[in-house]
Structures are given as structure tokens and as C-alpha cells.
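Subject: Structure for you to look at

Hello,

Here is the structure I said I would pass on. Please open it first, then read the notes below it.

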Amino acid sequence: LKKAIEESGVNLDLVGFDECFMAGIEVFSALANFTQVLVASELEEPGNGWDYSRVMAKLIQNQNAEPFEFGKYIVDAYEETYASSDTDYTMLAIKKEQVNTILSRLNALSQRYDSGLKSQFQSARNNSFEVPDTDGTLIDLRDFASRLSLQEGQELEEAILISTSVYLKTNLTGIGGISVYFPQNRLSDFGCYSSETTISCFGASDYYNPFAVVSSWV
């Protein structure tokens with residue numbers, strides 16, 4: 001997706017994912033330079049996904065809405081659709097500038113890590129919110145940062161939580177709406193996740209992870 005948008009030369013106002021598990025820092029960081037706003041769910045979406053009638057009705061009422069305002073309409077419509085159900089839901093709209101801030105602070109936290117902090121990082125990881133149905137590979141990034149007694153962790157948490165550039169609606173407490181890949185054990189596909197140059201992965205011979213190029217998280 002990044003390659004297709006990059007080669008097209010098109011800059012988009014908003015990219016929204018009516019798809020499960022797309023509100024990951026990996027996805028956001030790959031696309032932040034090509035759009036003003038990103039909208040996605042950290043969790044698995046219910047089968048019906050977005051209610052486009054609700055979304056477009058809000059846009060029709062304000063057809064001159066700025067991209068982030070339109071992103072808020074999508075989030076609000078999603079909440080209205082599922083708030084009365086027994087389904088866990090979360091939907092996030094975020095400006096590209098805030099994605100870049102979060103990425104910068106995640107890199108600072110990653111670079112702070114050393115062997116002396118291993119037990120603290122492991123404890124924070126093991127107690128963080130695990131995104132359901134991802135086999136324990138994805139955790140909530142804000143929750144993880146909040147469990148570290150480090151200034152870099154606090155700054156990362158604040159970048160996700162305290163910002164007018166992030167708009168989150170969820171029925172779950174303690175999560176920030178953005179996931180990150182952090183399995184408890186090194187998995188067989190870690191080589192694909194950490195690949196900065198093209199290798200054979202997932203049936204493609206030219207696979208690489210754009211996030212690995214710009215992030216110290218690996």
C-alpha cells in the first residue's frame with residue numbers, strides 16, 4: 001500500500017481502514033507522509049464494519065469539514081453504531097504530525113533500552129493489554145508505555161493520550177487505540193517484521209517492513 005501511494009505521487013486528505021487490527025504504529029508510520037489523517041480500529045471490527053449511512057450523513061451536514069473533522073465523524077458514527085451492542089469497539093482518528101511525534105518518542109524509548117531494563121520491559125509487556133485474536137503478538141502501545149517508570153515512557157504515553165490531534169472512542173478502559181507488535185516470544189515471522197530490505201515473506205519475493213526502516217523498535 002505504501003509503495004502504491006508513493007509511486008502514484010498522490011497526497012490524500014484521509015485514509016480510513018474499515019478493517020480489523022489496522023490501528024498499529026507500523027501501519028500509521030508507513031502512511032503518515034502521504035495523508036493528513038488516518039482512521040482505524042485497534043481491535044477486530046464487528047462483521048458489519050462501518051455504517052456508511054451514518055458517516056456520510058454527518059459529512060453532508062458539513063461538507064466543508066477539514067480532514068481531521070471528517071475523521072472524527074467516522075469515529076463518532078462507529079461509536080453510535082456499536083455503543084449499544086455487547087461488542088468491544090475502538091476507533092481512532094489521528095493527524096500525521098502526531099503519528100510522527102509518537103514514532104519519535106517510541107524511538108527514544110527503544111534507544112533507552114539496555115540489559116538493565118530487561119525485567120522492567122518484560123513486566124510491562126506481560127501486564128499490558130493484549131489485542132484479542134492476534135495470538136498475543138499485538139499489545140496496546142499507550143498501556144505499555146504507562147507501565148514503564150521511565151521519562152521516555154511517560155512522554156510516549158502523553159503523546160498518545162494528551163493531544164488534540166488524536167480522537168479516540170472506545171468502550172474499553174486503559175487503552176490508547178494504537179497497537180504495536182510485541183510478542184512474548186520471538187516468532188518465526190520476526191525476520192519478516194524486522195526486514196529493512198526486500199526478502200521473501202508471505203508469498204512475496206520483494207517484501208520489506210517500512211516500519212523497520214524508520215524505527216528502533218525492532
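Axes here are lines fitted to C-alpha atoms, for helices over the stretch in contact, and angles run from 0 to 180 degrees between N-to-C directions. Helices (H or I, at least four residues) and strands (E, at least two) are DSSP runs, numbered from the N terminus. This is a predicted model, in which local features need pLDDT of at least 70 and side-chain atom pairs count only at pLDDT 80 or more, while totals for chains, interfaces and linings use all residues. Residues are numbered from 1 along each chain as its sequence is written, and side-chain values use heavy atoms, with hydrogens and water left out.

The helix pair: α5 (residues 96-112) packs with α8 (residues 151-161) at an angle of about 165°, and their axes are 9 Å apart. The two are therefore roughly antiparallel (angles over 145 degrees). Contact (heavy atoms within 4.5 Å) is made by Q98, T101, I102, R105, L106, A108, L109 and R112 of α5 and by E152, G153, E155, L156, E158, A159 and I160 of α8.

Helix α5 itself: α5 has 17 residues and reaches 25 Å from its first C-alpha to its last, close to the 24 Å expected at 1.5 Å a residue (1.5 Å times one less than the number of residues). Its buried residues (under 20% relative accessible area, 1.4 Å probe, protein chains only) include V99, L103 and N107.

Helix α4: in α4 (residues 67-82), the buried residues include F68, Y73 and Y82. The buried residues of α4 pack against β1 (12-16), β2 (35-40), α3 (52-61), β3 (90-95) and β5 (166-170).

Regards

Notes
Parallel < 35°, antiparallel > 145°, perpendicular 65-115°, else oblique. Buried < 20%, exposed > 50% of the residue type's maximum accessible area, 1.4 Å probe, protein only.
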